[in-house]
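Please examine the model shown below before reading on. The paragraphs that follow lead from the contact between the chains to the charged pairs within them.

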Protein chains: 2
Amino acid sequence: MRLAELSRHSGVSVASIKYYIREGLLEPGRLVAATQAEYDEHHLRRLRLIRALIGVRGLSVGTTRELLGALSEHPQDVHRVLGLALGAIRPADEGREDTAECADVDALVEEMGWQVHRAAPARADLAETLGTLRRLGALGDWRALLPYAELAERTAVLDLDALDGAEDPLELAERAVLLTVLLEPALLALRRLAQEHESARRYTGG
Amino acid sequence: MRLAELSRHSGVSVASIKYYIREGLLEPGRLVAATQAEYDEHHLRRLRLIRALIGVRGLSVGTTRELLGALSEHPQDVHRVLGLALGAIRPADEGREDTAECADVDALVEEMGWQVHRAAPARADLAETLGTLRRLGALGDWRALLPYAELAERTAVLDLDALDGAEDPLELAERAVLLTVLLEPALLALRRLAQEHESARRYTGG
């Protein structure tokens, strides 16, 4: 397909596509005439992934370039592709193992039997939130989170089921980013609606 | 208790307490000497709620004043107190019924049998996210959200259980805000950790 078509199919402007090519995120098209290049499905998949990483995950062009490089190293390792796409592992620190200093999070992860990297950013996020909840007196003990963790486990099963059947690693990575990041506000909104319903059920006549 | 003690127990600075009194959010203390006022448990509870509404929900002083007024009208109506605290109903538009124009959200709410206000902001949030997911081709049909809605329902049961036993409407409202808003990043972090674990379970040896 031509550049204009690639733009239409991917939802990325022609100017942005040219910029991604200059920055080495996207390979140039195959030249079919002096000023005309031809693009294929691989370009489209890669462009969709770039759009998800930059537009949805909010990564910089530099980090996206690094991540695309890391993804191409072991494209058949689904666990690694998902970890990179979702930021559980980062291209630059795969060798390094940060330790998130939070005994509460460690205890919760161990109690759940979860296999997660020491350096997973979600550990630090959880530790920070637990700290705030504690400081404001809104949470007694990390064990209060265990029922929530069990529901998170069931949510993750739905998430991974939805990613099943992706055709190639680029598509898998793109869909993982979209479904994980974009579903976040939807899940929070569903919880608010369900809270209102549960409150009505408990405290009103109908 | 004295002003300094009220500040220490509530975690709100003396300057902020004086400001809230000037703005009519908090009643002045009982004068026990020309320059000395005495504060009680009611002041403390109200101050904690103000801190939650302004500091955690991010409301303005004006909106908080309105909301505190609305809360004091029917303090025994738990469903109404929770709705106000969490923003499902707003003090200003209790009479008005906005219609969030989204057939998908309506269909989902109906399918779940949820009792929620037409004007609940979570409806509009959900509609917006569904629009984005659709536009990016990441979600086929709203029915794909039904299993997530069922898990949200179970989450809401945990939330309401945790609020059970609040001693008065001010405490109930404060705890509802803290647990709902502050748990949001924790729930998202738990989902990320659970995704990594589920991915490891499915796609790696151990």
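Which side chain meets that of Arg191(A) in a salt bridge? In this predicted model, the partner is Asp159(B), with 2.8 Å from N to O. The pair belongs to an interface across which six salt bridges are found between chain A and chain B. Polar contacts between the two chains amount to 28 residue pairs, both residues being at pLDDT 80 or more. On the side of chain A that touches chain B, the elements giving two or more residues are helix H3 (41–56), helix H5 (78–86), helix H6 (103–112), helix H7 (121–135), helix H8 (146–163) and helix H9 (169–203). Of these, H9(A) provides the largest share of that side, 26 residues.

The extent of the interface may be considered next. Chain A contributes 68 residues to the contact, and chain B contributes 68 residues. Between them the chains bury about 6900 Å², of which 68% is on carbon and sulfur atoms. Of the area that chain A buries against chain B, 10% is supplied by Tyr148(A), Arg191(A) and Glu196(A), more than by any other three residues.

At 15% relative accessibility, under the 20% limit, Glu184(A) counts as buried. Beyond residues up to four places away in sequence, Glu184(A) touches Leu188(B), Arg191(B) and Arg192(B). With Arg192(B), the side chain of Glu184(A) makes a polar contact, side chain to side chain, at 3.1 Å.

The symmetry of the pair comes next. Chain A is superposed on chain B by a rotation of 180° with 0.0 Å of shift along the axis, at an RMSD of 0.0 Å. The two copies are therefore related as by a two-fold rotation axis. Both copies use the same surface, since 100% of the contact residues of chain A recur in chain B. Among the residues of chain A, Leu151(A) comes closest to the rotation axis, its C-alpha lying at 3.3 Å.

Salt bridges can also be followed within a chain; over all chains the structure has 32. One of them joins Arg65(A) and Glu23(A), with the closest N and O atoms 3.0 Å apart. Because Arg65(A) lies in helix H4 (residues 61–73) and Glu23(A) in the loop between helix H2 (14–22) and strand S1 (30–33) of chain A, this pair ties together parts that are 42 residues apart in sequence. Both are partly exposed, Arg65(A) at 36% relative accessibility and Glu23(A) at 29%.

Another salt bridge, between Arg45(A) and Glu167(A), also has its closest N and O atoms 3.0 Å apart. This pair links distant parts of the chain, 122 residues apart: Arg45(A) is in helix H3 and Glu167(A) in the loop between H8 and H9 of chain A. Arg45(A) is partly exposed at 23%, whereas Glu167(A) is exposed at 65%.

In chain B, Arg175(B) forms a salt bridge with Glu171(B) at 3.4 Å between the closest N and O atoms. The two are separated by about one helical turn because they are four residues apart in helix H9 (residues 169–203) of chain B. Arg175(B) is partly exposed at 24%, while Glu171(B) is buried at 18%. Elsewhere, salt bridges with shared partners join Asp161(A), Glu198(B), Arg201(B) and Arg202(B) into one network.

Terms used
Residues numbered from 1 in each chain as written. Chains lettered and ligands numbered in written order. Predicted model: local features only at pLDDT ≥ 70, side-chain atom pairs only at ≥ 80, totals over all residues. Heavy atoms only, no water. Least-squares fit on C-alpha atoms with pLDDT ≥ 70 in both. Contact = heavy atoms within 4.5 Å. Buried area = accessible area lost by both parts, 1.4 Å probe. Salt bridge = Lys/Arg side-chain N within 4 Å of Asp/Glu carboxyl O. Polar contact = N/O pair within 3.5 Å; in protein donor to acceptor, adjacent residues only side chain to side chain. Buried < 20%, exposed > 50% of the residue type's maximum accessible area, 1.4 Å probe, protein only.
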